[in-house]
Amino acid sequence: MSKSASRARLAEIIRKRSFGRGEITLASGRKSDFYFNLKPTMLDPEGATLLAELTYEALKDDGLDYVGGLEMGAVPLAGAIAQISWIKGHPIAAFFVRKKPKEHGARLAIEGLAKGESLHGKRIVVVEDVTTTGGSALKAVEAVREAGGDVALVLTMVDREEGASEAFAEAGLAFRALYRAAEFL
């Protein structure tokens, strides 16, 4: 399937499985009359594959070492990208940032790294399923930077176009989106 055909098919899946209309309160606290819940798309076999393939294609030339982001939205996405990157012969490892470090065990804020592994000095893309103001991704960026990682960019599957682009620019971060909310409205 061509890239444009894959992109069109994924948009169909998002529209069917993950887009809705109706009053909702977003993670940012804002009210909206439409929403995206990408988990049904990210956990659908075809949706997961298309998301991973299109994301990998968007990132493959960026010289990245790791892909990850804030739980829960980034977890299935980072895992799928890691898997497809291995299949394509250019492995990009995955991790995720806990919203709150575990209160038992190793008490880690960043999960997925083996003993002795570190994000220190690594090029990282922070991924997110849906971005509104960018607050969730910025939390992940902060954790990655605290761990010594170099955040090359933030990539979202769907940008709601409600301030994230400006927030990332202000923070000096490159930002890309596979889709914009306007494509579904």
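**Entry 1: the strand pairs**

How many bridges join strand β6 to β7, and do they run parallel or antiparallel? I found eight bridges between β6 (residues 123-131) and β7, and the two run parallel. I am working with a predicted model, in which local features need pLDDT of at least 70, side-chain atom pairs count only at pLDDT 80 or more, and totals for chains, interfaces and linings use all residues. Residues are numbered from 1 along each chain as its sequence is written, and side-chain values use heavy atoms, with hydrogens and water left out.

My helices (H or I, at least four residues) and strands (E, at least two) are DSSP runs, numbered from the N terminus. I call two strands paired if DSSP finds at least two bridges between them.

Nine of the 10 residues in β7 (residues 150-159) are buried, where buried means under 20% relative accessible area, exposed over 50%, and partly exposed in between (1.4 Å probe, protein chains only).

**Entry 2: the whole sheet**

Which order do the strands take in the open sheet? I read it as β5-β4-β3-β6-β7-β8, six strands with mixed pairing. β5 (110-111) and β8 stand at the edges with a single partner strand each, so one side of each has no neighbour in the sheet.

Strand β3 (residues 66-70) pairs with β6 in the parallel sense over three bridges. In that pairing I noted Y66 opposite I124 in β6.

**Entry 3: crossovers and helix α5**

I followed the chain from β6 through helix α5 (residues 135-146) to β7 and logged a right-handed β-α-β unit. A crossover is right-handed if, with the strands pointing away from the viewer, the path from the first strand over the helix to the second runs clockwise. β7, helix α6 (residues 164-170) and β8 make a right-handed β-α-β unit as well.

Next I checked the length of α5. Its 12 residues should span 16 Å at 1.5 Å a residue, and its end C-alpha atoms are 17 Å apart, which agrees; the expected span is 1.5 Å times one less than the number of residues.

Which residues of α5 are buried? I listed A137, A140, V141, A143 and V144. Seen down the axis, the buried residues of α5 fall within an arc of 165°, so they line one face of the helix; the arc is that of the directions from the helix axis to the C-beta atoms. A handy reminder for myself: an α-helix has 3.6 residues a turn, so residues three or four places apart point the same way. On the face of α5 turned away from its buried side I found the exposed residues K139 and E146.

**Entry 4: aromatic rings**

I paired rings of Phe, Tyr and Trp (its six-membered ring) if their centres lie within 6.5 Å, with planes under 30 degrees apart counted as stacked, over 60 as edge-to-face and the rest as tilted. By this rule I get eight aromatic pairs. One of them is F19 with F36, a tilted pair at 5.1 Å centre to centre and 50° between the planes. F19 sits in strand β1 (residues 19-25) and F36 in strand β2 (residues 31-36), 17 residues apart, and the pair links distant parts of the chain. Both F19 and F36 are buried.

F36 also pairs with F184, edge-to-face, at 5.3 Å centre to centre and 80° between the planes. F36 lies in β2 and F184 in the segment after β8, so this pair ties together parts that are 148 residues apart in sequence. F184 counts as buried at 5% relative accessibility, and F36 does at 10%.

I put F19, F34, F36, Y179 and F184 down as one aromatic cluster. The charged end of R160 sits over the ring of F34, 4.1 Å from its centre; the rule needs NZ of Lys or CZ of Arg within 6 Å of the ring centre and within 35 degrees of the ring normal.

A82 and A52 are 30 residues apart in sequence and 8.4 Å apart in space, C-alpha to C-alpha.

E57 belongs to helix α3 (residues 45-59) and is partly exposed, with a relative accessible area of 31%. I noted 9.4 Å between the C-alpha atoms of E57 and S85, which are 28 residues apart along the chain.
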